[in-house]
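Hi,

Here is the structure I promised to pass on. Have a look, and my notes follow below.

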Amino acid sequence: MYQKSKLAVMIALLVGTASAQAATDLSSIESRLAAMEQRLQAAESRAQAAEKRATVAENKAQQLASQQQQTQATTKEVAARTARLESKADKQNGFEFHGYARSGLLMNDSASSSKSGPYLTPAGETGGAVGRLGNEADTYVELNLEHRQTLDNGTTTRFKAMLADGQKTYNDWSADSSDLNIRQAFAELGNLPGFDGPLKGSTWWAGKRFDRDNFDIHWLDSDVVFLAGTGGGVYDVKWNDGLRSNFTVTASGQK
């Protein structure tokens, strides 16, 4: 009987030990599972954060690409505008102003005004013409206003007006003796697209003007070729590479 009781106690002890060990193992497994779940959650959080960073980086990359495209488009636009401005500058578009003026006073040894002009020398009228060498005791002014433009079809336009006035008086108010006049007022059209053959690239004009191809030695008052008047004409009629003609009809050829 004693042995049976002892055996029963031993069995109970073994069963209790096994149950305790099983409980311990189960608790350890649950702890490891909980720790693993936490690690998985942390890994998932890191993955989500990495995905967000990747999305932000992708958005920034897209923004940079868009900015680069805009910059390239702006650069091309600026280059095109610069090319257009350079082209306009080469074509001499816009307004121009040219002027000439002189005013002189000559005195003799008596401190009074003396005759002067291109045909007078310090020795008087016997020396012949010496030209315009600062020996003109008058006031003369020329004012030239001009506008040039090149149209989109290649046609060139030009308008010019020239005002001139000459005075012999030394007074500051000279309206009563003024010789103010319009020496030139004309318009030109060149490189018209409707012309072909010899007239291709020609220039047509009408108005009052000095001829384009005049040649003179101004300081000597030597008009080698001087055509002027009111009328019209055409320049640069090209018959071939070596032959060119100009045609002009004017109402007056006097200077």
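How many salt bridges does the count come to? It comes to nine, a salt bridge being a side-chain nitrogen of Lys or Arg within 4 Å of a carboxyl oxygen of Asp or Glu.

Before the rest, a word on the source: this is a predicted model, where local features need pLDDT of at least 70, side-chain atom pairs count only at pLDDT 80 or more, and totals for chains, interfaces and linings use all residues. Residues are numbered from 1 along each chain as its sequence is written, and side-chain values use heavy atoms, with hydrogens and water left out.

Asp236 turns up in two of the bridges I'd look at. Its side chain meets Arg212 at 3.1 Å, N to O. That pair links distant parts of the chain, 24 residues apart: Asp236 sits in strand β8 and Arg212 in the loop between β5 and β6 (strands are DSSP E runs of at least two residues, numbered from the N terminus). Asp236 also bridges to Arg244, again with 3.1 Å between the closest N and O atoms. Asp236 counts as buried because its relative accessibility is 12%, while Arg212 at 33% and Arg244 at 49% are partly exposed (buried is under 20% relative accessible area, exposed over 50%, partly exposed in between, with a 1.4 Å probe and protein chains only).

Then there is a network: bridges with shared partners join Glu96, Glu146, Arg148, Arg158, Glu188 and Arg209. Within that group, Arg148 pairs with Glu146 at 2.9 Å between the closest N and O atoms. Glu146 is buried at 3%, whereas Arg148 is partly exposed at 24%.

Cheers

Key. Helix = DSSP H or I, 4+ residues; strand = E, 2+ residues; numbered from the N terminus.
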